[in-house]
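Please look at the sequence and the structure below before reading on.

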Amino acid sequence: MTLDLSKRSSGMGGWDGKSSHPVILTKQLGSQLTSVGMACGRLHGAMNDLNMVIGGVDAIYCEMPLQPQALAGHTTFDTILLAYGLYAHAESFAEAKGIRFHGVNHTVWVRYFLGRMKRGTKRATLKQLAIERSRQLGISVANDDEADTFGIMDYACEREGIVPPWRANEVLRPPLGAMA
């Protein structure tokens, strides 16, 4: 299972190790009026449902929240509480179910999935390139959250030593930004 968490639009994915394509979806965990506790409860339900749909999970790879010192702009305490709360709940879910849990740094999975990027590459550009890479690998994604989740999944397979069907016939990785 892979997770790219936020209250507005969480990307979630799972692959049973046998199917040709993973299950990739977007789940809204709440709105501005939703408490952190309610968002965590919804995350728990969604993770449980995905676990059942794919027939069990061996490991969860979850994108780690940004470090507070790396945040800029008008980031509030509530935003930080929510990000770390969702992450902690995902880790707690894994612990309760006896599932291995791995926090994944954004930079690490992006470098694997998209290749080296120039320092300062805009967030919107990275999101668009993740969608492009997903489609190059034959995975249909509805939005950037699903593309990020798939990118984390692709990285997780590499880390686990698994060659998934979407990588099985890859000889040379096509460059990004060349597709129309």
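## Serine 10 and its surroundings

The side chain of serine 10 lies 2.5 Å from the backbone oxygen of serine 6, a polar contact (a pair of N or O atoms within 3.5 Å; within protein, one must be able to donate a hydrogen and the other to accept it, and residues adjacent in sequence count only if both atoms are side-chain atoms). The model is predicted: local features need pLDDT of at least 70, side-chain atom pairs count only at pLDDT 80 or more, and totals for chains, interfaces and linings use all residues. Residues are numbered from 1 along each chain as its sequence is written, and side-chain values use heavy atoms, with hydrogens and water left out.

Serine 10 belongs to strand 2. Helices (H or I, at least four residues) and strands (E, at least two) are DSSP runs, numbered from the N terminus. Beyond its neighbours within four places in sequence, serine 10 is in contact (heavy atoms within 4.5 Å) with Asp4, Leu5, Leu25, Thr26, Lys27 and Leu29.

Alanine 39, in helix 1, touches Lys7, Leu29, Thr34, Leu82 and Leu86, not counting residues up to four places away in sequence. The table places the two residues side by side; buried means under 20% relative accessible area, exposed over 50%, and partly exposed in between (1.4 Å probe, protein chains only).

## The cores and helix 5

A nonpolar core is a set of buried Ala, Val, Leu, Ile, Met, Phe, Trp, Tyr and Cys residues joined through side-chain atoms within 4.5 Å. The largest one has 24 residues, of which Tyr61, Trp109, Phe113, Leu114, Phe150 and Trp166 touch the most other members. At least two residues of this core come from each of strand 4, helix 3, helix 4 and helix 5, and helix 5 gives the most, with seven. A second, separate core of 23 residues includes Met1, Leu43, Leu86 and Ala90.

Which part of helix 5 does asparagine 143 cap? Asparagine 143 caps the N-terminal end, where one of its side-chain oxygens lies 3.0 Å from the backbone nitrogen of aspartate 145. Because 13 of its 17 residues are buried, helix 5 is largely enclosed by the rest of the structure. After helix 5 comes glycine 161, with a positive phi near 75°.
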